[in-house]
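Thanks for coming, everyone. Let me put the model up and walk you through it.

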Amino acid sequence: MASIADILAEHKDREGPLLPILHDVQKAFGHVSEDAMREIASALNLTRAEVYGVVSFYHDFRKEAEARPVLKLCRAEACKARGVEALVPIADNQSRVKVEAIYCLGLCAVGPSAMVGDKVYARLDDAKFKTLLEAM
Amino acid sequence: MTVRISDDAVAIACGADEVAAAFIAAGEAVERVSSWGMQWLEPLVDIDGVGYGPVSADQVADILKDTAPSLGRIADHPFIANQTRLTFSRAGKTRPLSLDDYYASEGWLGLAKAREMGAQAAIDTVMASGLRGRGGAGFPAGIKWQTVARADGEQKYIVCNADEGDSATFADRMVMEGDPFMLIEGMAIAGFAVGANKGYVYIRSEYPHAIAKMEAAIKLAAHLIAPFVVEVRVGAGAYVCGEETSLLNSLEGKRGEVRAKPPLPALEGLFGKPTIVNNVLTLAAVPWILAHGGDAYAAFGAGRSKGTMPIQIAGNVKHGGLFEVAFGITLGELVNEIGGGTASGRPVRCVQVGGPLGAYIPPEQFHLPLDYEAFAAADALVGHAGITVFDDTVDMAQMARFAMEFCAVESCGKCTPCRLGSTRGVETLDQIIAGKNVEANLALIADLSETMKFGSLCALGGFTPYPVMSAIKHFPEDFR
């Protein structure tokens, strides 16, 4: 597994490298810890507050690890029009998978849709959504 | 026999990989191509031009035995035949990462012509085309390019805004996944025209397939666009980064907070340098314009809305997908004729045009032509031309509440009316939904909307009132 120092070295010649670094740290460790923020800040000559400000601004970055598998369910308008809200009680009635709201996967004519990691799923109905959750 | 199946995200999400695997298991060669954009038919299987869809893996044997019902020739399907595809001319036909396919379909012709005619002539061509920014604001692209070209500075940038966050929009995604070289060519033309040697494509993290395709395409095309260099940057789940100044801050590694304008990004943009920020569709239209001439592009369209617009028909609609057509087509034609009405079979209650910041429009206004000025005059916006169709089960008070909730979740926090107003808006709409002091609270929402509209720097706080107030205006019965 890459260390934070490796990741920092990989991005050292980029302009504005903070977001690519944070993406890689999150990918390698599952979250961006306080220690990681300290190390990144020091390497980029930023304050810890600046790095913390960026990490907390963006929905993608987690400050703490998530132990459960995560499913992102689109709850934007087009998926609402296609019935995603009816799937929400299914998500709420279980706790094994963390179901997060996401606003738009660009699959707006074939919703309701969801994403797990980089995999996308469309035309979800009760049965398909349950199967998807159970398989995680 | 050639079997073609799309590898775009919609096709994959609907099971295209499994269908392709079934054809391969049956001994057939499969070409993975871009999507035709008929999303209700995905996974769409194209065998020597004849279509089948939506196909599941267990139907593959019947298709090969020729006992499955076919859709006929795909190119003759009314959904395709009625379009004017300039930007999406290759959709469904070419392999996204095949340079051979791209060359064989006018690829790199626009860039070659631009280099031949020179930088100023290339800008003049874009100016003559009447191309306006496709991200939503509709600012003339040629004027932006001219401003950057004339700006002082050794270092200039081309930034492609691929942070397509509006619900019901997916045209940018389809360009990046289906025809990435076209976007790269458009950026290279822009770089050549204004003297920029570096381009960034800022792609939202919700689009992993687009990110992968763009990164692969940039590697394959690097030698063709040199000395211009393109780099992909991935967003991090902030809707507001689709706003150009917020996007620039994000690219610089900062919080995606909106910047006050002026200074214009054209003069002081990325890292304070002169920068073109154009939407994917704007840059993707450029190779065609350079290859065929500005006047040829301007011959399409209506009034001051020139050219074609890739319209995205989505939500509860029977025939959803990508429909590229000249400006001027009416909403009614798009929703009822092309879209075929709702998928649920119930009556259409309204559509939302332009994403979460766009107005809700009732069928009484379906005579509106898709045209920046005509929409603005009706208190609506074209935006990125995404249309979400709703049937008569929709609760418009809930949709108005959602508009405020979305603004509260996504506000960057810079402007008080947006940051606080959106949360107060949710609370006030909750009161209305609960039937408490309805008239007084509706007056409060109207007042709050005015404050947000005029007191916010960007479209997030400034346009959230559009869906809220249009829902109240056209569907008062849902609030009382």
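Start with helix 21 of chain B, residues 465-474. Eight of its 10 residues are buried, so this helix is mostly covered, going by the cut-off of 20 or more other C-beta atoms within 10 Å. The buried ones are B:P465, B:Y466, B:P467, B:V468, B:M469, B:S470, B:A471 and B:I472. What covers them? The cover includes two strands of chain B, strand 14 (348-353) and strand 15 (360-361). It also includes helix 17 (396-410), helix 18 (416-433), helix 19 (438-455) and helix 20 (459-463). Keep in mind that this is a predicted model.

Now step back to the whole of chain B. It has 21 helices and 16 strands. Its radius of gyration is 23 Å, close to the 23 Å that the globule rule gives for 480 residues, so chain B is as compact as a globular protein of that length. Along the principal axes, its C-alpha atoms fill a box of roughly 70 × 60 × 40 Å. Of the 480 residues, 60% are buried. Take the contacts in chain B with a separation of 6 or more: 72% of them join residues 24 or more positions apart.

How is chain B divided? The assignment gives domain 1 (3-81), domain 2 (99-298), domain 3 (301-391) and domain 4 (396-478). Look at domains 3 and 4 of chain B. Their centres are 23 Å apart, over C-alpha atoms. Here 10 residues of domain 3 of chain B contact 13 residues of domain 4 of chain B. On the domain 3 side, that is seven nonpolar, two polar and one charged.

Next, the core. In soluble globular proteins, nonpolar side chains tend to be buried together. The largest nonpolar core here has 206 residues. Which members touch the most others? They are B:V159, B:C160 and B:I203. Helix 10 of chain B, residues 180-194, gives the most to this core, with 11 residues. Zoom in on B:V159. Leaving out residues up to four places away in sequence, B:V159 touches B:Y200, B:Y202, B:L248, B:L251, B:L270, B:T275, B:I276 and B:V277.

One more residue in chain B: B:A119, in helix 7, residues 119-129. Is it buried or partly exposed? B:A119 has 17 other C-beta atoms within 10 Å, so it is partly exposed. B:A119 touches B:A149, B:F192, B:A193 and B:G195, again not counting residues up to four places away. B:A119 and B:A149 are 30 residues apart in sequence, but 8.9 Å apart in space, C-alpha to C-alpha.

Over to chain A. The assignment gives domain 1 (4-57) and domain 2 (70-135). The centres of these two domains of chain A are 31 Å apart, over C-alpha atoms.

Look at A:R75, in the loop between strand 1 (70-74) and helix 5 of chain A. Why does A:R75 count as buried? Because it has 22 C-beta neighbours inside 10 Å. Beyond four places in sequence, A:R75 contacts A:K80, A:V84, A:A101 and A:Y103. A:R75 and A:E100 are 25 residues apart in sequence and 9.5 Å apart in space, C-alpha to C-alpha.

Last, where the chains meet. The contact takes 33 residues from chain A and 49 residues from chain B. On the chain A side, the elements giving two or more residues are helix 2 (18-29), helix 4 (48-57), helix 5 (77-81) and strand 4 (119-121). By class, that side has 21 nonpolar, six polar and six charged residues.

Technical notes. Residues numbered from 1 in each chain as written. Chains lettered and ligands numbered in written order. Predicted model: local features only at pLDDT ≥ 70, side-chain atom pairs only at ≥ 80, totals over all residues. Domains from an automatic or database assignment. Contact = placed C-beta atoms within 7 Å. Nonpolar A, V, L, I, M, F, W, Y, C, P; charged D, E, K, R; others polar. Core = buried A, V, L, I, M, F, W, Y, C linked by C-beta atoms within 7 Å. Buried ≥ 20, exposed ≤ 12 C-beta atoms within 10 Å, placed from the backbone. Helix = DSSP H or I, 4+ residues; strand = E, 2+ residues; numbered from the N terminus. Rg over C-alpha atoms; globule rule 2.2 N^0.38 Å.
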